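Good morning, colleagues. Please look at the sequence and the structure on the screen.

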Amino acid sequence: DICSACHSTVGTSAAAALREELAVRGIKLVTKPSLETMYCGFNMRDPVLGTNRKLRQALNAAFDFEAWNRFYCNRAEEAGGPLPPTVASALPADTFRYRFNLELAKKLIAEAGYPGGIDPKTGRRLVLTLSIGRASQESREAGELMAAFYEKIGVKLELDFKTWNAFVTAVSEGRVQLFRMGWVGDYPDAQNFLQLFYSKNASPGPNHANYANPDYDREYAAAMASADVQERNRHWLRCQEIVREDCPWIFTHVNKAYSLVRPTVKNYVPTDFPYGVEKHYENAVP
């Protein structure tokens, strides 16, 4: 059990450390960001969120990653865009213009037309609904934490819990406003993640945010048409820049992968693929 085998410093972003009783036995703890990126998607067909980029930027800037990471026991990696940091051409999280900055979030939400989170049409607080599949203790507490983030800019976030099947159907049919979801890369290439924003992949395809931007589509298509790695990466960088400015997602985090390695396991090389690699492990003969 990885959770019980390691500990981390609560209140910091320090990485987990192996417990002493395991370390003395020669067991090693290996961790790295995985290819599993987590996000809250905006339904770009929603009349409130889909037409208001400043509002989407404000909601990103109000997302407190350090508090989020503490909730997840420091097992999360900051995401400043759609690509995990181990993927070639991924832009660093600390260069994301709308990473956590509460003052910026307050400024942006005012520019979005909701000063202090107040909807001028009603004179009341702006209310948004986050749909979540599977009402587990983790999902409830994480949803409540997000609601606390947006309380600080005057926005009320209501949580809508559904069964998994009902959630997937509602997302695919565009009957949600915000939704919490993740994506596991099938292979470590930017295309595997950036396809989630290509307009031709809109729901029921993998572009569940129903994001559509002609500039993005042109860059994506140019990358797909090129056989030159450097040229493809230039287009992938531009795709990221466009998405990070449009903010069709709240870029919450990338899951970290953990492994406990016994001293009998030789030549161990960690991987960022989160599933299905155990069959390749082999113990050394004592």
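By class, the residues that line the largest cavity comprise eight nonpolar, two polar and two charged ones. Please bear in mind that this is a predicted model. The lining consists of N60, F63, F65, E78, A79, F96, Y98, R99, F100, I250, F251 and T252. Which strand gives the most to this lining? Strand β10, residues 249–261, does, with three residues. The largest cavity holds about 90 Å³ of space, and a search of the whole structure finds one cavity of 30 Å³ or more.

I turn now to the aromatic rings. Among the residues of the lining are F96, Y98 and F251, and these also belong to one aromatic cluster, together with Y39, F179, F197, Y198, Y211, Y216, Y220, W236 and W249. The count of aromatic pairs comes to 19. Let me take one of them in detail. The ring centres of F197 and Y216 are 6.1 Å apart and the ring planes stand at 70°, so this pair is edge-to-face, the class for angles over 60 degrees. The pair links distant parts of the chain: F197 belongs to the loop between α8 (190–194) and α9 (214–225), while Y216 is in helix α9, 19 residues apart. Are these two residues buried or exposed? Both F197 and Y216 are buried.

Finally, I come to charges over rings. The charged end of R134 sits over the ring of W164, at 4.4 Å from its centre. R140, in turn, lies over the face of F161, 4.3 Å from the ring centre. Thank you for your attention.

Terms used
Residues are numbered from 1 along each chain as its sequence is written. This is a predicted model: local features need pLDDT of at least 70, side-chain atom pairs count only at pLDDT 80 or more; totals for chains, interfaces and linings use all residues. Side-chain values use heavy atoms; hydrogens and water are left out. Rings of Phe, Tyr and Trp (its six-membered ring) pair if their centres lie within 6.5 Å; planes under 30 degrees apart count as stacked, over 60 as edge-to-face and the rest as tilted. Helices (H or I, at least four residues) and strands (E, at least two) are DSSP runs, numbered from the N terminus. Buried means under 20% relative accessible area, exposed over 50%, partly exposed in between (1.4 Å probe, protein chains only). A charge sits over a ring if NZ of Lys or CZ of Arg is within 6 Å of the ring centre and within 35 degrees of the ring normal. On a 1 Å grid over the protein atoms alone, a cavity is a set of points where a 1.4 Å probe fits but cannot get out, and a pocket is an open set with protein on both sides within 12 Å along at least five of seven lines; lining residues have an atom within 4 Å of a point. Grid points are joined across faces, edges and corners, and a volume is the space filled by probe spheres set on the points. Ala, Val, Leu, Ile, Met, Phe, Trp, Tyr, Cys and Pro count as nonpolar, Asp, Glu, Lys and Arg as charged, and the others, Gly among them, as polar.
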